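Visitor: I would like to learn how to read the features of a model. Could you take me through one?
Guide: Gladly; here it is.

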Amino acid sequence: MGWKAAQKLIQNWKILRGDNVMIMRGKDKGETGVIKRVIRSQNRVLVEGKNLVKKHIKQGQGHEGGIFTVEAPLHVSNVQVLDPVTGKPCKTGVKYLEDGTKVRVARGNGTSGSIIPRPEILKIRTTARPTTAGPKDTPIELVLEKTYDAKTGRGMPSL
C-alpha cells in the first residue's frame with residue numbers, strides 16, 4: 001500500500017463485525033447481510049454470503065485444488081447499517097446517554113433515531129484470558145524481583 005492509500009484509511013469506524021447491513025452498490029445491490037469480517041487496513045468488509053466470486057486454487061500438500069466460490073471483500077462505502085426499527089439503511093452517529101454510556105444511533109432522513117445495539121458476537125470476545133502460566137511465561141518470582149534501588153543507584157547500567 002502506498003502512502004496516498006494509507007492517508008485515506010478510515011480512523012473512526014462506524015461499522016462493526018456482526019452488524020446487519022445493506023449493500024448499496026455492486027452486483028448484490030439492495031441485498032442485506034451480516035458483516036463477517038472487517039479489514040481495516042484496506043477499508044473493506046466481508047458480508048456473509050454476498051459478493052461471491054469463483055476462485056481457482058492450485059492443489060498442494062494437504063489440500064485439494066479446484067474452483068471454489070468465496071466471498072470477496074466490499075469497500076466500506078458500499079454498505080450501510082440497517083436501522084433496527086424501520087429496517088432501512090441509515091447513517092450512524094454517536095450519542096451519550098444520561099448515565100454516560102456511549103451508544104450508536106440511526107441518523108438521516110426517514111430513520112427512527114433509535115439506538116443501534118452492539119452485536120452479540122463482540123460481547124463473546126470479552127472473556128478473560130486464562131490465568132494459568134504457560135511454559136513460555138516468565139515466573140512470577142522473577143517478575144517481582146527488585147533489580148534497581150533508587151536511593152543507592154544499585155542496578156543502574158554503566159554507560
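Predicted model: local features only at pLDDT ≥ 70, side-chain atom pairs only at ≥ 80, totals over all residues.

Guide: Residues are numbered from 1 along each chain as its sequence is written, and side-chain values use heavy atoms, with hydrogens and water left out.

Visitor: How many helices and strands are in the protein chain?
Guide: Helices (H or I, at least four residues) and strands (E, at least two) are DSSP runs, numbered from the N terminus. Here there are 3 helices and 10 strands. Their order from the N terminus is α-β-β-β-β-β-β-β-β-β-β-α-α.

Visitor: Why is the protein chain said to be more spread out than a compact globule?
Guide: The radius of gyration is taken over C-alpha atoms; the globule rule is 2.2 Å times the number of residues to the power 0.38. For 159 residues the rule gives 15 Å, and the protein chain has 24 Å, well over that, so it is more spread out than a compact globule. Its C-alpha atoms fill a box of roughly 70 × 60 × 40 Å along the principal axes.

Visitor: In what order do the strands of the sheet lie?
Guide: Two strands pair if DSSP finds at least two bridges between them. In this model, 8 strands form an open sheet, ordered 6-3-2-1-7-8-9-10, with antiparallel pairing. Strand 6 (74-75) and strand 10 (115-116) are at the edges with a single partner strand each, so one side of each has no neighbour in the sheet.

Visitor: What does strand 7 pair with?
Guide: Strand 7 (residues 79-82) pairs with strand 1 (residues 20-23) over 3 bridges, in the antiparallel sense. M22 stands opposite Q80, and I23 opposite V79. Strand 7 also joins strand 8 (residues 89-96) through 2 bridges, again antiparallel. There, V81 faces C90 as its opposite residue. The two strands form a hairpin with 6 residues between them, and G87 in the turn has a positive phi of about 75°.

Visitor: Which residues touch the most other members of the largest nonpolar core?
Guide: A nonpolar core is a set of buried Ala, Val, Leu, Ile, Met, Phe, Trp, Tyr and Cys residues joined through side-chain atoms within 4.5 Å. Buried means under 20% relative accessible area (1.4 Å probe, protein chains only). The largest core has 14 residues, and I15, V21, I35, V45, V47 and V79 touch the most other members. Strand 1, strand 3 (44-47) and strand 7 each supply at least two residues of this core.

Key. Buried < 20%, exposed > 50% of the residue type's maximum accessible area, 1.4 Å probe, protein only.
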